Amino acid sequence: MERQPLLELLSLSIGCGIGFEPLDDSAWKDLFMQAREQAVLGITMQGLDALPRTEGAPLKIYGSWALASETIEARSLDRQKLARSIYGLFSSAGLPCCVLKGPSVARFYPQPLRRQSGDIDIWVPAGRKKLLSFLRGRCKVGAVVYHHCKCDISGKPGEVEVHFTPSWMNSPRLNKRLQRYFAKSAAAETACPDPELGFCVTSPQFSFVFGIVHFWRHMLDEGIGLRHLADLYYTVLSIPPQSYEEISGQLRDLGLYRLSCALAGALVLAFGLSASSLPVPPDTVQGTILLQDMLLSGNFGRSDKALQAQTGSRCEAALAKFRRSMRYMHFCPSDVLCAPLFKLWQFVWRAINHYL
């Protein structure tokens, strides 16, 4: 794989870089734009500060980078406050819950506030009907899909997604196994609030398995970027080695073992992790392909020109996504092939239950 300055800067930022070759002003501008598209401006600020003055970014670009990093930190603080408020709302009503992704994963970082977060995802394993009844009595509920609903419980539309379940698989067989895993994990994951954050967060083991599932979902639908690879890196560092065998078995059960090995390979290539520090054996061949895809796609596919250029009806867009997902079929064939069936089932299910 050809030189990737963003990977060099990102690895330098997390303390495992082997060097950073100087760039000219034009290349620095491109690097800034790429880091923004990958949602790693905050994470890479540490690497930027570590560079010698003669090799660092031009002053104008450095200033823009530093301002963006400060903005990310301020927003992360707001996200934490919002998560604490939403958690308190559910907890006071006797509904155990925990925050997924975002602040939950950021706590694994040495500088958590520099990890760029989006909306708040909170998992409330109380049952869909009970949870919707609770929400509709307090706020406007937007679109309801299989795994979550959007609502303005914070007072601002689009800031909070309330999850009935953390995620799903397209394959009925694999989805049954995944929902069984979530049901088995729910009590432990919603039991003890983090004393510093003031809300429940997911354990490193659960975060890793869920992170692989989350990666798979976005990889099929819209692409996924380096921020999520950094999430997996810091999550792996927090997993006790005695849990490796259990995690490996769980990923096999979910049909995502091959994908997890490819992601492990990407972690080895990008950040120099050793095979012994990973729950699954790294596949560096597939890892190279995934890294190239992540660099192309950006965060949620924002850098992928082919994805952004898709036009036409919803059916045409869905067909284009399905064709794109076929190139990942070797990772989990049944889940790729079942995607159209799941989308059709979900549409009918939503219509019957008046969720459209």
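Leaving aside neighbours within four places in sequence, Trp65 is in contact with Leu9, Trp28, Leu31, Phe32, Ala35, Leu41, Thr44, Met45 and Leu48. Contact here means heavy atoms within 4.5 Å. The model is predicted: local features need pLDDT of at least 70, side-chain atom pairs count only at pLDDT 80 or more, and totals for chains, interfaces and linings use all residues. Residues are numbered from 1 along each chain as its sequence is written, and side-chain values use heavy atoms, leaving out hydrogens and water.

Trp65 also belongs to the largest nonpolar core, which has 110 residues. Trp65, Phe90, Leu135 and Trp216 have the most contacts inside this core. Such a core is a set of buried Ala, Val, Leu, Ile, Met, Phe, Trp, Tyr and Cys residues joined through side-chain atoms within 4.5 Å. Buried means under 20% relative accessible area, exposed over 50%, and partly exposed in between, with a 1.4 Å probe and protein chains only. In soluble globular proteins, nonpolar side chains tend to be buried together.

Trp216 leads on to Asp335, which touches Met169, Asn170, Ser171, Trp216, Arg217 and Leu220, its neighbours within four places in sequence left aside. Asp335 sits in helix α15 (residues 333-337). Helices (H or I, at least four residues) and strands (E, at least two) are DSSP runs, numbered from the N terminus. Asp335 counts as buried because its relative accessibility is 0%.

Now the rings. The structure holds 20 aromatic pairs. Rings of Phe, Tyr and Trp (its six-membered ring) pair if their centres lie within 6.5 Å; planes under 30 degrees apart are stacked, over 60 edge-to-face, and the rest tilted. Tyr146 and Phe342 make an edge-to-face pair, 6.0 Å centre to centre with 85 degrees between the planes. This pair links distant parts of the chain, 196 residues apart: Tyr146 is in the loop between β3 (141-144) and β4 (148-151), Phe342 in helix α16 (residues 339-352). Tyr146 is buried because its relative accessibility is 14%. Phe342, at 9%, is buried too.

Trp345 and Trp349 are stacked, at 5.6 Å centre to centre and 15 degrees between the planes. Both lie in helix α16, four residues apart, about one turn of the helix. Trp345 is partly exposed at 41% relative accessibility, whereas Trp349 is buried at 15%. Ring pairs join Tyr146, Trp168, Phe342, Trp345, Trp349 and Tyr355 into a cluster.

Charges meet rings as well. Arg128 lies over the face of Tyr146, 5.5 Å from the ring centre. Arg252 lies over the face of Tyr257, at 3.7 Å. The criterion is NZ of Lys or CZ of Arg within 6 Å of the ring centre and within 35 degrees of the ring normal.
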